[in-house]
Amino acid sequence: MNNELHSVEHVDPNTTVLHYLRNDLNRCGTKEGCASGDCGACTVVVGELEKGSVKYKSINACITFLPSLHGKQLITVEDLKQDDQLHPAQQTMVDCHGSQCGFCTPGFVMSLYALNKNHPSPTKDTAMEALSGNLCRCTGYRPIVDAALNMGNYPCDQNTDTIATELLQTINRQDSTFLSNQSSQYFAPTSADELAQLLIDYPDARLLAGGTDLALEVTQFHRDLSTIIYVGNVSELKTIRETDSSLIIGSAVTYNECVHRLEKEYPELGEMIERLGSLQIRNQGTIGGNIGNASPIGDMPPVLIALDATMTLRRGHNTRTIKVADYFHDYKVTDLKANEFIQSIEIPKAKPGYQLKIYKISKRIDDDISAVLAAFYLHVEGPQVKSFTAAFGGMAAIPKRARHCEAALMGHPWTESSIESAMQALMLDFKPLSDVRASAEYRMDVAKNLLMKSFLEINQSKEQENTATRVTGYA
């Protein structure tokens, strides 16, 4: 806790960091707004030891289980003020008049604290990213953005980093962690072998990675998880490996840990991940969790399906590899067998001449769930479509390929007429449902329009390239 070692025993593993701070420690600066990781009022900062120094990130305390903080540093708004001196993250809010009713202010301050740690002189883009997961119900964003941009006018607070590094080095995170009370138990293995054995011993256990969805069963549905196995300390699941033809990402790698590598290969994927959730969510959420959750509106599965990605599943000492497309059977029904877990995801590298187009449709640009997500991976050679894969989220009970749509384009001319035929073929692929995010009719119209949008964008890009070639005299 800040710069002091803190031990917790005999706590319910279902306890969230927010609940513990407010109810057990009487640290009420951290607010509860939504209990679902949407509003940012509960934002705290966590420091983790990486390669000899502390790396800081903002997280949502309301959907973070307390035991997952083992071996980490927790910083709350109460820790920032030193004697009578406000921290720059607090002082800039005062100077720029960034606080109105004040309820959301501690969360904004903690997001600014993390911004200050990672970007002492923030740009507009880094500031907006840092604040994207914090909502102000008074709609006072302009002075808050001003406060973020003003951070560079204060000295960067690094004086406590040495103390934190020394303290974190004294905590042994190499050993597995076990915690229990009368009704629940929590395991945190450190190796894939240990994880595999725990799943055999406890087949009904719930796997916890970032917890951005699993925690909602506790906070929203008021259920108790009897056995939790945390995978965030399993070294094999936290790696990113590269071969000549693919990227292999461990299932416990967070979005922010892999986004820079993914966007180098697929810039469109990097842009989509920036909209997948707030910075707090991307600091905790994992690709493996997004697949394993098997939501029909998960953002990563349609893209992985379009790219023909595969995944390695493990049970005991045995592994098998399947396509991500084959993992989903029906709503929340997957190919995962008893005692099995997702070990890694293998994403093929970009192919020369191929283009990836991704479109996310949601009510808000940032930090919102998709109504429809479309992913197209295609290769057009001359006038003909040589390869075309289309996958959608939000159009069926599972993320799914649009086989009829693909057939309507494969081998056909890359023309508006062919696109219109493929648009109509989508009606054979999907019969979407109506819900709170969109009607069935809206979803179908959007899916068709996104296909046409990709056609228009690709053609426009080709025209611009041809114009540039003629202008420079290389035609």
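User: What is the order of the four strands that form an open sheet with mixed pairing?

Analyst: The order is 4-5-7-6. Bear in mind that this is a predicted model.

User: What makes strand 4 and strand 6 the edge strands?

Analyst: Strand 4 (177-180) and strand 6 (206-208) each pair on one side only. Neighbouring strands of this sheet are turned by 20 degrees against each other on average, direction ignored.

User: How do you know that strand 5 pairs with strand 7?

Analyst: Count the bridges. Pairing needs at least two bridges between the strands. Three bridges join strand 5 (residues 185-188) to strand 7 (residues 227-230), and these two run parallel. Tyr186 stands opposite Ile228 in strand 7.

User: How do you know that strand 4 pairs with strand 5?

Analyst: The cut-off is at least two bridges. Strand 4 and strand 5 are joined by four, and they run antiparallel. Ser180 has Gln185 as its bridge partner in strand 5. The two strands form a hairpin, with four residues between them.

User: Why is the pair of Tyr354 and Tyr377 called tilted?

Analyst: Start with the distance. Ring centres must lie within 6.5 Å to pair, and these are 5.2 Å apart. Next comes the angle. Planes under 30 degrees apart count as stacked and over 60 as edge-to-face, with the rest tilted. The planes of Tyr354 and Tyr377 stand at 40 degrees, so the pair is tilted.

User: What makes this a link between distant parts of the chain?

Analyst: Tyr354 is in strand 15 (residues 354-361) and Tyr377 is in strand 16 (residues 372-381). They are 23 residues apart.

User: Is Tyr377 buried or exposed, and why?

Analyst: Buried means under 20% relative accessible area. Tyr377 has 5%, so Tyr377 is buried.

User: Why is the pair of Phe392 and Phe430 called edge-to-face?

Analyst: Edge-to-face needs planes over 60 degrees apart. The planes of Phe392 and Phe430 are at 70 degrees and the ring centres are 5.4 Å apart, so the pair is edge-to-face.

User: What parts does the pair of Phe392 and Phe430 tie together?

Analyst: Phe392 lies in strand 17 (residues 384-393). Phe430 lies in the loop between helix 15 (416-429) and helix 16 (440-472). These parts are 38 residues apart in sequence. Phe392 and Phe430 are buried. They also belong to one aromatic cluster with Tyr359, Phe376 and Phe388.

User: How do you know that Lys351 lies over the face of Tyr354?

Analyst: NZ of Lys must be within 6 Å of the ring centre and within 35 degrees of the ring normal. Lys351 lies over the face of Tyr354 at 5.1 Å from the ring centre. Lys117 lies over the face of Tyr56, at 4.8 Å.

User: Why do strand 15 and strand 18 stand at the edges?

Analyst: Their open sheet has the order 15-16-17-18, with antiparallel pairing. Strand 15 and strand 18 (400-401) each have a single partner strand, so one side of each is left without a neighbour in the sheet. Strand 15 pairs with strand 16 over eight bridges.

How values were computed: Residues numbered from 1 in each chain as written. Predicted model: local features only at pLDDT ≥ 70, side-chain atom pairs only at ≥ 80, totals over all residues. Heavy atoms only, no water. Axes fitted to C-alpha atoms, helices over the stretch in contact; angles between N-to-C directions. Phe/Tyr/Trp six-rings, centres within 6.5 Å; stacked < 30°, edge-to-face > 60°. Buried < 20%, exposed > 50% of the residue type's maximum accessible area, 1.4 Å probe, protein only.
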